[in-house]
Amino acid sequence: MATVVGVVCSAEGGVVLAGDRRQTKDGTVVSDSVQRVFDYDSAGYAVVGNPGSIEEFDRRFDAELRRYRTERDEPMSSTRLARTASEIATEAGVDALVAGRDEEGSVVLHEVGTDGRTVETETAALGSGSPVAFGRLENGSMPDDLDAAETLVRDTLRAVAERTTDTGGEIDVFRLEQTSE
């Protein structure tokens, strides 16, 4: 399994998600090309699970976002994003970090589990390297801006990759800035 992380920047009002692309099977690297971080302009997510389940989650989440925008002509709120992601994650068997905006334009990060849980959080890590990632995230000071947050999540995933073969060095990043309504 891979590792994904998320950090909220409280001062600047943004969130950064990152994840590696590694897939392993029985301790052997199978691929370094599995996409786990997805960008939908007003929302994004980072997901861990097997590649087929990730693809199913992405396909269904994308369809729900499109349907919602078509019906309502507005982006989904962060609460609705988390609830929708939770329903899909439970059926697909994945864990995810979901970033979106609330009704006031503030960014929100939710951790979503295969068990249906949704937790709003400031920092999160999922996957095989999450213990190492949490250690790095919790021992440092939280970044004030998106550039510093991106550096933090990239450095965190690189540190995880040095300690486990399940996490690779190819890293994708999603950034979401706060908007003012």
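Two packed helices are described by the angle between their axes and the distance between the axes. Axes are lines fitted to C-alpha atoms, for helices over the stretch in contact, and the angles run from 0 to 180 degrees between N-to-C directions. The model examined here is predicted.

In this model, helix α3 (residues 130-139) packs with helix α4 (residues 146-163) at an angle of about 140°. Their axes lie 9 Å apart. From α3, the contact is made by Val132, Ala133, Arg136 and Leu137. From α4, Leu152, Asp155, Thr156, Ala159, Val160 and Arg163 take part.

A sheet comes next. Strands of a sheet pair through backbone hydrogen bonds, either parallel or antiparallel. Here four strands form an open sheet, in the order β10-β1-β2-β11. The pairing is antiparallel. Strands β10 (123-127) and β11 (171-177) are the edges, and each pairs on one side only. From one strand to the next, the twist averages 10°. Strand β2 (residues 14-20) is joined to β11 by seven bridges, in the antiparallel sense. In one of these strands, β11, Ile171 is the bridge partner of Asp20. Helix α3 also packs on this sheet, where it touches β1 (3-9) and β10. The direction of α3 makes about 160° with that of β10.

Helix α2 (residues 78-92) has 15 residues. From its first C-alpha to its last, α2 reaches 20 Å, close to the 21 Å expected at 1.5 Å a residue. An α-helix has 3.6 residues a turn, so residues three or four places apart point the same way. The buried residues of α2 are Ser78, Leu81, Ala82, Thr84, Ala85, Ser86, Ile88, Ala89 and Ala92. They pack against α1 (51-72), β7 (95-101), β8 (107-112) and β9 (118-121). Just after α2, Gly93 takes a positive phi of about 80°.

Ser86 has a relative accessible area of 7%. The cut-off for a buried residue is under 20%, so Ser86 counts as buried. Leaving aside neighbours within four places in sequence, Ser86 is in contact with Val112, Gly116, Arg117 and Thr118.

Definitions and conventions: Residues are numbered from 1 along each chain as its sequence is written. This is a predicted model: local features need pLDDT of at least 70, side-chain atom pairs count only at pLDDT 80 or more; totals for chains, interfaces and linings use all residues. Side-chain values use heavy atoms; hydrogens and water are left out. Helices (H or I, at least four residues) and strands (E, at least two) are DSSP runs, numbered from the N terminus. Buried means under 20% relative accessible area, exposed over 50%, partly exposed in between (1.4 Å probe, protein chains only). Contact means heavy atoms within 4.5 Å. Two strands pair if DSSP finds at least two bridges between them. The expected span of a helix is 1.5 Å times one less than its number of residues.
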